[in-house]
Amino acid sequence: MTELVGRLLSFEERNGRGLVRLVFYLLLFLLVVTNAWEMTKSFGGMGGAFWANLFRVLVTIPFTFLVQALVLRLGAEVIMALFDISENLKSNMPEGDIMSSGLNVGGPSPVDDASAPEPKPKQKEPDEKPSSDGIEAETTEKE
């Protein structure tokens with residue numbers, strides 16, 4: 001038991017996924033309990049507005065439960081996706097580099113145009129033209 005508490009209190013391992021799952025299951029349990037309570041209240045009030053309470057028990061409460069459960073699951077998946085993104089970014093970062101915004105504080109060093117080498121003009125390859133007597137240009141094939 002003390003080892004489990006020690007693991008939770010130390011920050012050597014990432015426990016984010018486990019905590020997200022734990023919170024998800026706790027909130028899902030709370031959602032089930034509150035919807036069960038709403039159903040029992042609706043069954044208890046069946047004497048007054050029977051049809052309204054019957055509609056509430058059969059349609060409204062189950063539909064809201066499904067929507068709330070889906071939103072809860074979606075929220076848990078988004079948080080876990082953010083953890084994945086964070087882990088991927090940290091794994092692709094070189095050793096010893098701290099996370100930065102990617103902006104250079106000093107800016108790029110100015111390059112003196114006079115000291116920069118001039119690019120060489122691209123030379124065009126000579127086009128092969130057939131000779132004037134209609135014979136093809138020399139070939140290197142042996143016959």
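This report walks through the helices, the core, the surface patch and the salt bridges of one predicted model.

## Overall layout

The chain has 143 residues, and 10% of them are buried. Its secondary structure comes to 3 helices and 0 strands. Read along the sequence, the pattern is α-α-α. Helix H1 covers residues 2–9, and helix H2 covers 16–44. Helix H3 runs over 50–92.

Contacts tell us how the chain meets itself. Take the contacts with a separation of 6 or more: 57% of them join residues 24 or more positions apart. The accessible surface of the chain is about 13400 Å². Carbon and sulfur atoms account for 63% of that surface.

## Helix H2

Which residues of H2 are buried? They are Val20, Phe24, Leu31, Asn35 and Ser42. These buried residues pack against helix H3.

What does asparagine 35 touch, leaving aside neighbours within four places in sequence? Its contacts are Ile61, Thr64, Phe65 and Gln68.

In soluble globular proteins, nonpolar side chains tend to be buried together. Here, the largest nonpolar core has 5 residues: Val20, Phe24, Leu72, Ala76 and Met80. H2 and H3 are the elements that give two or more residues to this core. H3 supplies the largest share, with 3 residues.

Not counting residues up to four places away in sequence, alanine 76 touches Val20 and Phe24.

Met1, Leu4, Val5, Leu8, Leu9, Leu19, Leu22 and Leu26 make a nonpolar surface patch. Its area is about 850 Å². Helices H1 and H2 each supply at least two residues of the patch. The largest share, 4 residues, comes from H1.

Methionine 1 belongs to the patch, and it is found in the segment before H1. Is methionine 1 buried or exposed? Its relative accessibility is 77%, so methionine 1 counts as exposed. The cut-off for exposed is over 50%.

## Salt bridges

Side chains of opposite charge can pair when their charged atoms come close. The structure holds 4 salt bridges. One of them joins glutamate 38 to lysine 41, with the closest N and O atoms 3.6 Å apart. Glutamate 38 and lysine 41 are 3 residues apart in helix H2, so about one helical turn separates them. At 23% relative accessibility, glutamate 38 is partly exposed. Lysine 41 is partly exposed too, at 46%.

Arginine 56 also forms a salt bridge with glutamate 38. Here the closest N and O atoms are 2.2 Å apart. Where do the two partners lie? Arginine 56 is in helix H3 and glutamate 38 is in helix H2, 18 residues apart, so the pair links distant parts of the chain. Arginine 56 has 31% relative accessibility and counts as partly exposed.

Another salt bridge pairs arginine 73 with glutamate 77. Its closest N and O atoms are 2.9 Å apart. Why are these two separated by about one helical turn? The reason is that arginine 73 and glutamate 77 are 4 residues apart in helix H3. Arginine 73 is partly exposed at 43% relative accessibility. Glutamate 77 is partly exposed as well, with a relative accessible area of 37%. Elsewhere, salt bridges that share partners join Glu38, Lys41 and Arg56 into one network.

Key. Residues are numbered from 1 along each chain as its sequence is written. This is a predicted model: local features need pLDDT of at least 70, side-chain atom pairs count only at pLDDT 80 or more; totals for chains, interfaces and linings use all residues. Side-chain values use heavy atoms; hydrogens and water are left out. Patches are made of residues with over 30% relative accessible area and no salt bridge: like charges are joined within 9 Å, nonpolar side chains (Val, Leu, Ile, Met, Phe, Trp, Tyr) within 5 Å. Accessible areas come from the Shrake-Rupley method with a 1.4 Å probe; for residues, only the protein chains shown count as cover. A salt bridge is a side-chain nitrogen of Lys or Arg within 4 Å of a carboxyl oxygen of Asp or Glu. Buried means under 20% relative accessible area, exposed over 50%, partly exposed in between (1.4 Å probe, protein chains only). Contact means heavy atoms within 4.5 Å. A nonpolar core is a set of buried Ala, Val, Leu, Ile, Met, Phe, Trp, Tyr and Cys residues joined through side-chain atoms within 4.5 Å.
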